[in-house]
Every structure is written in structure tokens, then in C-alpha cells.
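Thank you all for coming.

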Amino acid sequence: MMVNLSNTDRTIRVFAAVGLIYFKFIGLVSGWTGTMFILLSVIFLFTSLVSYCPIYHALGLSSKKKVKAKY
């Protein structure tokens with residue numbers, strides 16, 4: 001698996017996941033929406049942990065800067 005998430009992208013995903021979990025546990029959302037918030041949080045945390053997003057890969061995107069070889 002290649003890395004396609006930059007550190008900034010990973011940080012944003014972690015903060016978004018924490019925010020979604022916070023909304024769920026303070027009772028701002030409930031039911032089906034709350035369950036989707038938790039699921040999305042898990043996905044955000046996992047993708048930020050492994051630095052890989054399958055959706056980015058499918059679309060040919062990457063937020064990681066490419067390193068140019070110095071010759």
C-alpha cells in the first residue's frame with residue numbers, strides 16, 4: 001500500500017473524527033445519524049493511522065508531496 005495522505009490531511013481527519021465522536025456522545029445526534037458518525041470516525045481514524053485512503057487511490061489523488069530525486 002502506498003502512502004497518499006499528507007500529515008496535514010491526517011491531522012484534519014483525526015480532528016474531524018474526534019468532533020464527530022463528540023457530537024454523538026454529547027447527544028447532539030442520535031439514532032441512525034449517530035451510528036453513521038461513529039462509523040465515519042472509525043474510518044477517518046483508520047485511514048489517518050495507515051496514511052492511505054482508498055477513495056483517493058480510486059480517484060488518482062494524493063495529498064502527499066512527491067519527492068524529487070536530486071541528481
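What follows is a short tour of a few residues and the contacts between them.

A word on the source: this is a predicted model, in which local features need pLDDT of at least 70 and side-chain atom pairs count only at pLDDT 80 or more, whereas totals for chains, interfaces and linings use all residues. Residues are numbered from 1 along each chain as its sequence is written, and side-chain values use heavy atoms, with hydrogens and water left out.

Let me start with Ser 6, which sits in the segment before helix H1 (7-25); helices here are DSSP runs of H or I with at least four residues, numbered from the N terminus. Ser 6 counts as buried because its relative accessibility is 16%, where buried means under 20% relative accessible area, exposed over 50%, and partly exposed in between, with a 1.4 Å probe and protein chains only. A polar atom of the Ser 6 side chain lies 3.2 Å from the backbone nitrogen of Asp 9. If we leave aside neighbours within four places in sequence, Ser 6 is in contact with Ser 63 and Lys 64, contact meaning heavy atoms within 4.5 Å.

Asp 9 leads us to the next point. How many salt bridges does the structure hold? There is one, and it joins Asp 9 to Arg 13, with the closest N and O atoms 3.3 Å apart; the term requires a side-chain nitrogen of Lys or Arg within 4 Å of a carboxyl oxygen of Asp or Glu. In general, side chains of opposite charge can pair when their charged atoms come close. Both Asp 9 and Arg 13 lie in helix H1, four residues apart, which is about one turn of the helix. Asp 9 is buried, since its relative accessible area is 11%, and Arg 13 is buried too, at 10% relative accessibility.

Now to the rings. The structure holds one aromatic pair, and the rings of Tyr 22 and Phe 23 have centres 6.3 Å apart and planes at 50°, so the pair is tilted; rings of Phe, Tyr and Trp (its six-membered ring) pair if their centres lie within 6.5 Å, with planes under 30 degrees apart stacked, over 60 edge-to-face and the rest tilted. Phe 23 is partly exposed, with a relative accessible area of 35%.

Phe 37, finally, is placed in helix H2, and, neighbours within four places in sequence aside, Phe 37 is in contact with Leu 20, Phe 23 and Val 29.

Note on methods
Helices (H or I, at least four residues) and strands (E, at least two) are DSSP runs, numbered from the N terminus. A polar contact is a pair of N or O atoms within 3.5 Å; within protein, one must be able to donate a hydrogen and the other to accept it, and residues adjacent in sequence count only if both atoms are side-chain atoms.
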